[in-house]
2 protein chains.
Amino acid sequence: MPSDRLLGGPGVAPIATSVLLALAHPALAQPLPSWNEGPAKEAIVRFVKDVSVRGSASFVAPDERIAVFDNDGTLWPEQPIPVQLAFALDRVKAVAGDHPEWQDKEPFRSILAGDVRTALAGGEQAVAGIIVASHSGMTTEAFEAQVAAWLATARDPRFARPYPELAYRPMLELLAYLRENGFRTYIVSGGGIDFIRALSQRVYGIPPEQVIGSQGKVVFELRDGRPVLVKLAQLDLLDDKAGKPVAIHKHIGRRPIAAFGNSDGDLQMMQWATAGPGPRFALIVHHTDADREWAYERAPGIGELKEAMAEAKAKGWTVVDMKRDWKKVYAFE
Amino acid sequence: MPSDRLLGGPGVAPIATSVLLALAHPALAQPLPSWNEGPAKEAIVRFVKDVSVRGSASFVAPDERIAVFDNDGTLWPEQPIPVQLAFALDRVKAVAGDHPEWQDKEPFRSILAGDVRTALAGGEQAVAGIIVASHSGMTTEAFEAQVAAWLATARDPRFARPYPELAYRPMLELLAYLRENGFRTYIVSGGGIDFIRALSQRVYGIPPEQVIGSQGKVVFELRDGRPVLVKLAQLDLLDDKAGKPVAIHKHIGRRPIAAFGNSDGDLQMMQWATAGPGPRFALIVHHTDADREWAYERAPGIGELKEAMAEAKAKGWTVVDMKRDWKKVYAFE
C-alpha cells in the first residue's frame with residue numbers, strides 16, 4: 001500500500017511529479033512560471049515574502065504557515081462532472097454483475113445503459129445513491145486499491161488524458177512555491193477523503209495526513225483475527241461550506257493563514273482563514289476560459305460562485321481570471 | 001493564540017521543553033538515559049535501528065514512520081483522576097456563579113461542596129455531565145485560553161506540581177528518540193482533542209495537528225461578522241477502543257508502524273498498528289510502581305488492563321514494568 005501510493009500506480013504517467021521535481025529547487029526557476037504577470041501573481045508573491053522575512057512585523061513562524069486548498073475546480077477540473085463521480089459511475093458498472101436488482105432501479109439502470117444524463121437527473125439523491133453503492137461495503141485497503149487501479153486506465157472525456165494530468169499546472173507550481181517557503185499545504189475538499197488520499201501524494205505532492213474531505217462512517221472489525229476497517233454506507237462528515245472550517249479545526253487544530261477555492265462551498269473556509277491576526281490570504285480561481293478549460297460560475301450545483309465572489313470583492317481577496325492570469329493550464333499543453 | 005501555545009503560558013515551568021532540548025542532539029546523549037538496561041529498552045532500540053537502515057529488508061521510509069501514543073497513563077499519570085477531569089471540576093467551580101441551579105443538582109452540588117468522591121459516584125453519566133458543563137458553550141479560542149490559564153496555576157494533588165511536570169521522563173525521551181530517527185509522533189487519546197492540543201506542544205513537543213482525541217461537535221458561526229467555532233454539548237467521536245483505529249484512519253490515513261498504550265482502551269489501536277507488513281512495534285506501560293507513581297491494572301474504569309495484557313503476552317509485545325524499567329519517572333526527581 002505505501003509503496004504503491006508513493007511510487008505511483010502502473011500506467012499512470014508521473015506528469016505532476018516531474019513538474020514538482022523541476023520546481024523543487026528554488027534557485028532553478030523564477031516562481032510561478034505558468035502565471036502571467038499581473039495582480040494575482042503579484043499578490044501571491046508579496047504575501048509569501050511578507051510572512052517569510054524573519055524579524056518583520058508580518059513574519060509568521062513556519063509551524064503556522066498552513067495553506068488550505070479546495071480540490072475540485074481549484075486544483076483540477078470539476079467539469080463536465082467531478083472526477084470522483086466518474087470513478088463512482090465506472091465502479092457501478094464494474095460491480096453490476098453482483099447487483100441484478102440494479103437493472104430495474106434508477107439511477108443504476110441508466111448508468112448501465114450508458115445514459116449518465118438521465119442517471120444524474122435525480123439530483124443529489126441520485127448522486128448519493130451512486131456514491132454509497134461505490135464507496136461502501138469494502139475495507140479501506142480494498143477501496144484504495146480500486147481507486148489506484150481505476151486511475152491507471154481511466155481517461156477524461158474531453159482531453160482523453162489520465163485524470164492526474166489534468167491537475168492545473170499553475171496550481172502545482174503554487175503548491176510547490178508555498179512548500180519551498182515553509183508552508184504546509186492541505187487539501188480541504190467536499191469530495192471523499194479516502195478517494196483523494198489515494199492520489200494526493202502522486203498528483204499534488206500532498207501526503208494523506210494533509211488531506212481533509214467528506215467522510216463516511218468506518219468501523220473496526222476483526223476478520224479471522226485480522227483487523228480491518230470497513231467503509232459503511234453512512235455519511236459522517238460533509239466537508240463543504242460551514243463544514244470546512246469545522247473539519248479544519250478537527251484535523252489541524254490551527255487556523256490556516258491562506259485559503260484557496262473556487263466556489264461558494266469554500267466561502268466559510270476563506271472567512272475563517274482570513275479572520276485571524278497577522279498576514280492572511282484568500283484566492284478564488286474563477287473559471288473564465290472555455291477554450292482551455294471551462295467557463296462557469298452560476299451553474300446551479302457544482303461550482304456555483306456568487307456569495308464568495310461578492311465577499312472577495314468586498315474584502316479585496318485575490319481573484320484569478322484563468323484566461324488572463326494563466327499562461328498554461330495543463331502540463332501537457 | 002499561536003505564540004501563547006508555542007512559548008508556553010505564563011507561570012508554567014518549561015520543564016518538558018528543557019528535557020526535550022537537552023535530548024535534541026543525538027550526539028549529546030545515549031538514547032533513553034532514564035531507562036534501565038533490559039528487554040524493554042533493547043526492544044525499542046532494536047526496532048528503531050531496524051527501520052532506519054537504508055537498503056535493509058526492514059527499512060521503512062520516513063514518511064511511513066508514524067508512532068501513536070495514548071496519553072493518560074501512557075505519557076503522564078491518570079491517577080487519582082485524569083488531568084482533564086481535574087480541569088473540568090475546577091471549571092465547574094469557576095463558573096458556578098452563573099449556574100445557581102447547580103446548588104441542588106448532582107454531580108454539581110457535591111463538586112461545589114468539595115466532595116469529589118460523591119460527585120464521581122454517579123459514574124460515566126456524572127463524568128459526562130461534568131465534561132459537557134465545562135467543555136461546551138464557548139468558542140474554541142476561549143476554551144483554549146481557559147485550559148492555558150488553568151495549567152498555569154493548577155497543581156496535582158500528590159506532588160503539588162504543575163501537571164506538565166508529571167509527564168513521564170522516560171516517555172519524553174522516547175518521543176524525542178523516535179523523532180530524531182525520522183518518526184512523526186502522534187497522540188491518540190480517549191481524552192478531549194481540544195484539551196490536549198492546548199498543552200501537547202509545550203509538554204510533549206507534539207503539535208496540535210498530530211493530536212487525535214475524543215471530539216464534541218463544533219459549529220461555525222458568524223458573530224457580528226466575525227467567524228467563530230463554538231463547542232456544542234454533543235459527542236461527535238469517542239476515541240477509545242475500536243474508535244482509536246477509526247480515528248487514526250480519519251486523521252492520518254496511514255497505518256502507524258508503532259503504538260504505545262497502557263490499557264484495554266489501546267488494544268485495537270495496537271492490533272491495527274501491528275497487523276501491517278514490515279517491522280511493527282507495540283508497547284504497554286504497566287503501572288507497577290506505587291511508590292513513585294501508582295500500581296494498578298484491574299481497576300474497573302480508568303486504566304483497566306486485561307485483554308491487552310493477554311494479547312501482549314500472546315504476540316510478544318513489549319511490556320514496560322515501570323518499577324523495573326524506569327530509572328526515573330519524572331524530571332523533577
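What share of the contacts in chain A with a separation of 6 or more comes from residues 24 or more positions apart? The figure is 67%, where contact means heavy atoms within 4.5 Å.

## About the model

This is a predicted model, so to speak: local features need pLDDT of at least 70 and side-chain atom pairs count only at pLDDT 80 or more, while totals for chains, interfaces and linings use all residues. Residues are numbered from 1 along each chain as its sequence is written, chains are lettered from A and ligands numbered from 1 in the order in which they are written, and side-chain values use heavy atoms, with hydrogens and water left out.

## Chain A as a whole

Chain A has 15 helices and seven strands; these are DSSP runs (helices H or I, at least four residues; strands E, at least two), numbered from the N terminus. Its C-alpha atoms fill a box of roughly 65 × 50 × 35 Å along the principal axes. Of its 333 residues, 56% count as buried. Buried means under 20% relative accessible area, exposed over 50%, and partly exposed in between (1.4 Å probe, protein chains only).

## Aromatic rings

Rings of Phe, Tyr and Trp (its six-membered ring) pair if their centres lie within 6.5 Å; planes under 30 degrees apart count as stacked, over 60 as edge-to-face and the rest as tilted. That gives 34 aromatic pairs over all chains. One of them is the stacked pair of Tyr330(A) and Phe332(A), 4.9 Å centre to centre with 5 degrees between the planes. Tyr330(A) is buried at 1% relative accessibility, whereas Phe332(A) is partly exposed at 22%. Both belong to an aromatic cluster that also includes Trp35(A) and Phe159(A).

## A spot around Ser136(A)

Ser136(A) is in the loop between α7 (123-135) and α8 (140-153) of chain A, and is buried at 17% relative accessible area. Leaving aside neighbours within four places in sequence, Ser136(A) is in contact with Lys231(A), Leu232(A) and Ala233(A).
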